[in-house]
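Here is a quick tour of a protein model for someone who likes side-chain geometry. Have the viewer open and follow along.

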Amino acid sequence: MNTKKLTRYIGIAMVLGIVVGYFCHNYAQNEKEALQIASYFSLVTDIFLRMIKMIIAPLVFATLVTGLASMSDASAVGRIGMRAMVWFIAASALSLLLGLALVNIFQPGAHMNLALPDANLTSGLKTGDFTLKAFITHVFPRSIAEAMANNEILQILVFSLFFGAALSFIRGKGHNTIYNLIDELAKIMFRVTDYVMRFAPLGVFAAMAAAITTEGLGVLVSYGKLIGEFYLGLALLWAILFAVGYLFLGKSTFRLGGLIKEPTLLAFSTASSESAYPKTIEALTRFGVPKRISGFVLPLGYSFNLDGSMMYQSFAVLFIAQAYNIQMSFTQQLTLLLVLMVTSKGMAGVARASLVVVAATLPMFHLPEAGLLLIMGIDQFFDMGRTATNVVGNSLATAVISKLEGNREDTADTESAAAEEAPAGQAARQNA
């Protein structure tokens with residue numbers, strides 16, 4: 001499907017979903033009935049996200065392995081990885097600092113004056129295994145089949161690093177059969193991605209309809225100030241990220257922004273980074289990023305470069321402290337930043353990860369975990385913004401690292417992409 005056309009359809013689907021959700025919310029007699037109606041919409045969204053998840057593992061594996069195997073310079077992997085981690089750490093620190101600064105300026109919870117809740121009241125989120133030790137252990141797969149079945153991107157990445165390095169060694173001795181097979185697999189998966197993305201507007205419509213049916217538009221009014229302040233912070237973060245990107249990419253930064261509009265909108269409407277992954281890869285390829293770089297940096301960013309989620313975590317923790325009139329000193333806030341820098345790196349593969357990180361962090365600073373209940377009801381609206389921001393941050397990071405690498409394979413990748421699209425373009429002209 002034409003990219004501009006798909007983006008337009010997704011936008012229309014979002015609006016229709018809000019309208020239909022509003023009428024369904026008003027039609028429902030009570031909360032239970034609203035949840036039941038929303039469950040039918042959620043069925044469509046779940047099917048779409050399942051189709052996305054079924055292509056993530058083979059797509060990550062194929063693109064990363066072929067990219068690594070085609071690298072003639074073995075040191076390039078370490079160099080790209082080091083540059084990526086420097087960017088990720090800097091972007092994470094920036095996101096956390098911006099969140100802390102804005103919540104101190106706006107003071108969104110300062111006038112709530114809530115009494116401390118019952119010590120036995122909890123959010124119900126599982127945080128016991130959410131430790132740095134557990135995360136480091138979890139990075140290394142027990143089985144590649146298990147990692148692929150569970151869509152553990154970081155585990156797939158680790159296995160692909162070993163597999164790609166071994167394949168590069170074998171290719172050096174003149175054996176190209178396996179490489180050619182995996183390269184063909186990558187092409188097939190991009191075609192499958194195109195088929196799946198045709199259902200994106202339907203999935204987006206259902207996701208928006210389900211959210212509004214359950215919560216109603218009234219929640220946006222009640223929490224409008226808090227949501228508005230958070231989205232203002234995201235807008236500032238986007239501006240900073242694009243400004244930094246401009247230092248490296250120049251005017252082509254604006255072209256990149258146009259290319260990633262579709263995956264960003266998809267991530268926003270479905271609140272799922274996975275749904276945007278295939279289209280983000282495609283957009284970066286169109287921009288001229290070699291697949292060997294996008295296939296390596298992007299999966300790494302999904303675990304270590306979640307800019308929107310990082311900003312949300314610092315924002316949420318301080319909001320809860322303000323709501324219960326608990327003062328946090330500058331030293332405590334600085335410590336909070338350092339804690340979140342570490343704990344947030346274990347978010348990959350954890351359901352409702354940002355909420356889990358916040359729930360795990362609150363007891364460390366003697367804040368009531370039950371305070372998370374204040375924002376759990378509207379977390380869907382926060383999640384949409386932070387997920388879209390994660391896609392933007394990872395796209396810029398990948399493009400900048402590609403630029404630093406010198407884009408040595410741009411021409412080959414661009415010509416390959418053009419060659420794949422040529423038959424479709426000729427067919428379209430014939431039909432016209």
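The average pLDDT for the protein is 80, and 83% of the residues score at least 70. Where pLDDT is low, the predicted coordinates should not be read in detail.

**The annotated spans**

The unreviewed UniProt entry carries a "transmembrane region" annotation for residues 9–28, 48–72, 84–106, 153–170, 199–224, 230–249, 315–341 and 353–376. Take two of these spans from the entry. Residues 9–28 are 95% helix and 0% strand, with end C-alpha atoms 28 Å apart. Residues 315–341 are 78% helix and 0% strand, and here the end C-alpha atoms lie 14 Å apart.

**Rings**

A pair of aromatic rings is described by the distance of the centres and the angle of the planes. There are 14 aromatic pairs in the structure. One of them joins tyrosine 277 and tyrosine 302, edge-to-face, with 5.4 Å between the centres and 90 degrees between the planes. The partners come from distant parts of the chain, 25 residues apart: tyrosine 277 belongs to helix α13 (residues 273–287) and tyrosine 302 to helix α14 (residues 291–304). Both tyrosine 277 and tyrosine 302 are buried.

Why does the pair of tyrosine 312 and phenylalanine 382 count as tilted? Their planes meet at 50 degrees, with the centres 5.5 Å apart, so the pair is tilted; planes under 30 degrees apart would count as stacked and over 60 as edge-to-face. This pair also links distant parts of the chain, with tyrosine 312 in helix α15 (residues 307–323) and phenylalanine 382 in helix α19 (residues 379–404), 70 residues apart. Tyrosine 312 is buried at a relative accessible area of 1%, and phenylalanine 382 is buried at 2%.

Tyrosine 312 and phenylalanine 382 are also members of a cluster: ring pairs link them with Phe230, Tyr231, Phe268 and Phe315.

Arginine 386 lies over the face of tyrosine 312, 4.2 Å from the ring centre. Elsewhere, lysine 291 puts its charged end over the ring of phenylalanine 190, at 4.4 Å from the centre.

**Salt bridges**

Searching the whole structure turns up 11 salt bridges.

| Lysine 279 | Glutamate 262 | 3.7 Å |

The bridge between lysine 279 and glutamate 262 links distant parts of the chain, helix α13 and helix α12 (residues 261–270), with the two residues 17 apart. Lysine 279 and glutamate 282 are 3 residues apart in helix α13, so about one helical turn separates them. Glutamate 282 and arginine 286 also both lie in helix α13, 4 residues apart, again about one turn.

Arginine 286, by contrast, is partly exposed, with a relative accessible area of 34%.

**A buried methionine**

Last stop: methionine 311, in helix α15. Its relative accessibility is 0%, so it counts as buried. What does methionine 311 touch, leaving aside neighbours within four places in sequence? Its contacts are Ser95, Leu98, Gly99, Leu102, Phe230, Gly233, Leu234 and Leu237. Leucine 102 is 209 residues away along the chain, yet its C-alpha atom is separated from that of methionine 311 by 9.8 Å. Phe230, another of these contacts, also belongs to the ring cluster described above.

Note on methods: Residues numbered from 1 in each chain as written. Heavy atoms only, no water. Phe/Tyr/Trp six-rings, centres within 6.5 Å; stacked < 30°, edge-to-face > 60°. Buried < 20%, exposed > 50% of the residue type's maximum accessible area, 1.4 Å probe, protein only. Lys NZ or Arg CZ within 6 Å of the ring centre and 35° of its normal. UniProt positions renumbered as here; feature names shortened; annotations may be inferred. pLDDT = per-residue confidence, 0-100. Salt bridge = Lys/Arg side-chain N within 4 Å of Asp/Glu carboxyl O. Contact = heavy atoms within 4.5 Å.
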